[in-house]
Amino acid sequence: MVDQFQGKKFKLSTSDKFDEYMKALGVGLLTRKMGNAVSPVIELTKNGDEYTLTSNSTFKNSAITFKLNKEFDEETPDGRHVKSLITQEGNKLIHVQKGDKETKIIREFKPDEVVMTLTVDDIVCKRVYKAES
């Protein structure tokens, strides 16, 4: 269950193919450069049956609030408007965004890290966030 990880902060440690992922989504060069230059800190919190996932960096802060298994409208950090659905499988949150292109984001929560796997078209990006002490 992901509930045991609420309130814990994780900072980006490694990132592979994030530029390719953003480019496939049509993200402009300047935003891609900024997105690749920062190390955001993510945090999951819960209030009742509603979760909030925040991502904070020197470039941009964002938050999404959602209920599991319930579709919602989302504006992504790069400005796309999508329909999103987040489900849970054990310690993983599976986030599907449907817009011009469908993307899938899997966030696997572990005691000392969050492994985020982002997929669009045939591009698979992996970003690892380490727990902050």
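Two strands count as paired if DSSP finds at least two bridges between them; strands (E, at least two residues) are DSSP runs, numbered from the N terminus. The model is predicted: local features need pLDDT of at least 70, side-chain atom pairs count only at pLDDT 80 or more, and totals for chains, interfaces and linings use all residues. Residues are numbered from 1 along each chain as its sequence is written, and side-chain values use heavy atoms, with hydrogens and water left out.

Select 72-75, which is strand E5 and contains Glu74. Four bridges join E5 to the antiparallel strand E6 (residues 81-89). Phe72 stands opposite Ser84 in E6.

Now show the side chain of Glu74. It makes a polar contact with the side chain of Ser84 at 2.5 Å (a pair of N or O atoms within 3.5 Å, one able to donate a hydrogen and the other to accept it; residues adjacent in sequence count only if both atoms are side-chain atoms).

Move on to E7 (residues 92-98), which is joined to E6 by seven bridges and runs antiparallel to E6. E6 and E7 form a hairpin with two residues between them, and Gly90 in the turn has a positive phi of about 65°.

Finish at E8 (residues 102-109), which pairs with E7 in the antiparallel sense over seven bridges. Ile94 stands opposite Ile106 in E8.
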